[in-house]
Amino acid sequence: MSISECTMCLLSISEDQNRVLLNFSPLPSLSSPHRNRSAFPAAQGEHLHQKMSENGALPLRGKVLTVDTMNANVKKVDYAVRGPIVQRAVQIEKELKEGVKKPFEEVIKANIGDAHAMGQRPITFFRQVMALCTYPQLLDDNKFPEDAKNRARRILQSCGGNSIGAYTTSQGIDCVRHDVANYIQRRDGGIPSDPDNIYLTTGASDGIVTILKLLTAGEGRTRTGVMISIPQYPLYSASIAELGAVQINYYLNEEKCWSLDISELQRSLQAAREHCDPRVLCIINPGNPTGQVQSRQCIEDVIRFAVKENLFLMADEVYQDNVYAEGCEFHSFKKVLFEMGPEYSSKVELASFHSTSKCYMGECGFRGGYMEVINMDPEVKAQLTKLVSVRLCPPAPGQALMDLVVNSPQPGEPSYQTFIKERTDVLSALAEKAKLTEEILNTVPGISCNPVQGAMYSFPRITLPERAINEAKAKGQAPDMFYCMKLLEETGICLVPGSGFGQREGTYHFRMTILPPTDKLKIMLNKLKEFHQKFTQQYS
Amino acid sequence: MSCSHNKKMDLKKKKKKLYWAHIWMHGTPSICQLRLILYILHVCSVISRFTPEILRKGIHGDTMTENGCEYRERVLTMDTMNPNVKRVEYAVRGPIVQRAVQIERELKMGIKKPFTEVIRANIGDCHAMGQKPITFFRQVLALCSYPDLLEDGKFPEDAKSRARRILQACGGGSLGAYSTSQGIEMIRQDIARYIERRDGGITCDPDNIYLSTGASDAIVTMLKLLVSGEGMSRTGVMISIPQYPLYSATLAELGAVQISYYLDEDNCWSLDISELRRALQEAKKHCSPRALCIINPGNPTGQVQSRQCIEGVIRFAAAEKLFLMADEVYQDNVYADGCKFHSFKKVLFEMGLEYSEKVELASFHSTSKCYMGECGFRGGYMEVVNLDPEVKVQLTKLVSVRLCPPVPGQALLDVVVNPPQPDEPSYDTFIKERTDTLATLAEKANMTQEILNQVPGIKCNPVQGAMYTFPRIHLPPKAILEAKEKEQTPDMFYCMKLLEETGICLVPGSGFGQRDGTYHFRMTILPPKEKLKIVLAKIKEFHQHFMAQYS
């Protein structure tokens, strides 16, 4: 870190302690009035209409709730994965339906890791059990395999009144938490997991927000700072903004396949200590949006760093089954922590997150998930249990589904073969698409793409001509937003600009899922190639 | 206007920047020192990749050595956690329920108790109390979960066509795809039509509907939007006392100011506008009251608001510039003769443009109550009326961070607002199941009130609606003293004793709020009739015994 970088830090600190990212990353703010108007013309129309009635006979009554009087933190929230570009995509879909002519026939949504929407089939066994739990009369139907029926009976027996329609305990159904603990124990080579440390959640997002909420305290210099990677999954920046915590950016090393560098952690921590109280370090492994898989060595270093710097660790491990690259392997933070010995395993506070939405099942709609908390202060745990109880319970169908994921068919059970075949097919198709994406994108001059080692996304760097950057700026758009908008309008492909995830200044990226079916993915990548060449030509 | 305001802010920021740059370059002594420390830190980190212990301790005092061993305090402790979370209380799942769970375990382990099972009358959890799900709803959901069943001749055609329609509206024809954050569009349209039918044709725009993870989720979201300001300008939210503790818990978590208005127990828990006025005037001295929450039919108090009263509330909200939040999750649970559910939306629009164009309203509904009682699915929606369009954009953005409400819950909500019609094969069964459930609830509401009112020292208003009774209990001074010695509220002391002696789990009135010096408990009317009778008889016996013991 040079002196001038130090200056930068101090400058941004003094600006606004809640928004340190201003000088570091060009994240666009949805709250700017210009943005709102251009992105939501319909809303503007209504607004005008309302203003007009002010001159009419009706007495003027200002709204109670306006953008000026609403929660200021909510205004700062930004969530690019469902931001303006996706809203435009939805509009375009409507226009296509209405018969408006476009240079394409359909919108391809490669903006979000939504496996089923992209044609991936659900795992048969999971859905059989879900149907049985939902409508238990089917238990008398001999069309269903015995193992599916057994699972369903077991789940129903642990539901109040044997119905999936009853509330569960707030921490999640007891038997499901036991199954989750057993699963973790198997995954981590026998390191014990305590069901009392498992909290079922409404998707992983819910668990992540809850832990961040617990951790946020202090004011001014003592306000909680949360270290997140850049690029990051925008749930983190959004939640930090909403909670009024301080975002601390550490940059992943794009040149080294988006790996994490301890010296960069150190740099960003020290800079942050000048204006907030850094207390949390968030890691996403395998990475979203960057697709890297952390080495065991790197995880050990992160743990050592967390101990030394007294940081609470949050490990987002929702892509734990999505590892494709040779030589890469998923290592859970829990496992590595415990293998480093009691010096670490009795010290480090860790929360790790998992979900039913990714991996081979891709059941996003059920909003199933869990977190495991390690070394959490018992009094704080009581507070956590109290806090989650206000929302009563996570959705019971999602809990049931989570149970199946951690307690899948075993060898010898009638559904085993089909299950294994379905799972293997999905994962090998994903591996193939990961490779294909990287290969094709890297043939395009001006696009450079790290290998997709894991997860479901590619985050290639794009070179944009000076003229395009200027035109974007004139429009008040981030240059990669400008690029992605144009891509959407011309090809129907919906991606998310890198600025929504954060990136080093002056670099531009987009996030693209590798989920479309192989044939469609090929077409898409070729369209992208063509577009990029045309775009580069047009603006150079 | 806001544009020029922004420019001003930018200018301010730039000035600040210059100021800091100036200090950096030329420096006051203290800043120079800071700069030096920063530089030393930097050098150390580069050279040795770790910060020397001394420097780190200098800045952060949280590393201590005890007896020579390094002692590491936890990062997250009671002292360092979010102080607002500490203030959160949620009695419906509080200490008494935790004790109930323990007792259940003890019973399982064979420990002898004066009872054989714990009866949970603490929470409105219908299915757990033996209520059967509506067949049609579950058929449609099973078909949606496992579409291969669409080929099965066992399912009625109307269930299949509902399932097909829902699946067509899902990404990739699967319940497992994310939906749009506001909720599946087709379902929002179905809800809008349902509201229109319910409200006698008053129009409802699907764009004003937001699906949610149970009603709780939507209530928290609206409150979150409303909370701002500091000190005197901090948002105040008016809630009834007694209230459903989701409200007090959420206000505590958000650091908003709770403004209590008391329901009139002597008038069947009705709402008195003069009491609203009193509460508001007092609150204006220390916060900025901006929202008024109403639960109708009432939880925990079971009253059903008259049309007259709703009009009064709306006039009050309009005059005092309050955002109205109407919690209407018990809208089908009305039992008492002469009582009827009136939605705030309907009354608002029937009061004419003067009100219907002015008053900002959010109303909430859920799949968890009424005749379906499907709590586990966490389905729900809210309708927002007269919400500022820019705020609506912010609301849509905010809900998008959590991606989407659970899709099975959305599907369930769709069948609730779009149930079998008279010409469809499932109609008769559906009507029979719905009527049976509601008739049984009405009967149990009546029975509960009658039996409790026979007990000297228990006094209970009629359960006009919802699923609870909130009787007042008279506690002898000796019991109150003993409770205070144990640092328990007297009604907690009472309920704990009841639980230990009879296995009946109720929630003490103090968890919902009550007038000082009065004591209550909340009890659901949900146990099956025979069991409910036994529960009521046991409470009667316990109360008499308790009175004798402490007088």
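This is a predicted model: local features need pLDDT of at least 70, side-chain atom pairs count only at pLDDT 80 or more; totals for chains, interfaces and linings use all residues.
Residues are numbered from 1 along each chain as its sequence is written.

**The annotated span**
- UniProt, in an unreviewed entry, lists residues 143-539 of chain B as "domain: Aminotransferase class I/classII large"; such annotations may be inferred rather than shown by experiment.
- Residues 143-539 of chain B are 43% helix and 15% strand, and their end C-alpha atoms sit 44 Å apart.
- Helices here are DSSP runs (H or I, at least four residues), as are strands (E, at least two), numbered from the N terminus.

**Helix α12(B)**
- α12 (residues 307-320) of chain B has 14 residues and reaches 20 Å from first C-alpha to last, close to the 20 Å expected at 1.5 Å a residue (1.5 Å times one less than the number of residues).
- Its buried residues include Ile310(B), Val313(B), Ile314(B) and Phe316(B) (buried means under 20% relative accessible area, with a 1.4 Å probe and protein chains only).
- Among the elements covering those buried residues are β5 (235-241), α11 (273-284) and β7 (288-295) of chain B.

**α18(B) against α20(B)**
- Helices α18 (residues 477-485) and α20 (residues 529-550) of chain B pack at about 85°, with axes 7 Å apart.
- That makes α18(B) roughly perpendicular to α20(B) (65 to 115 degrees).
- Lys478(B), Ala479(B) and Glu482(B) in α18(B) meet Phe546(B), Gln549(B) and Tyr550(B) in α20(B) (heavy atoms within 4.5 Å).

Note on methods. Chains are lettered from A and ligands numbered from 1 in the order in which they are written. Side-chain values use heavy atoms; hydrogens and water are left out. Buried means under 20% relative accessible area, exposed over 50%, partly exposed in between (1.4 Å probe, protein chains only). Axes are lines fitted to C-alpha atoms, for helices over the stretch in contact, and angles run from 0 to 180 degrees between N-to-C directions. Angles under 35 degrees count as roughly parallel, over 145 as roughly antiparallel, 65 to 115 as roughly perpendicular and the rest as oblique.
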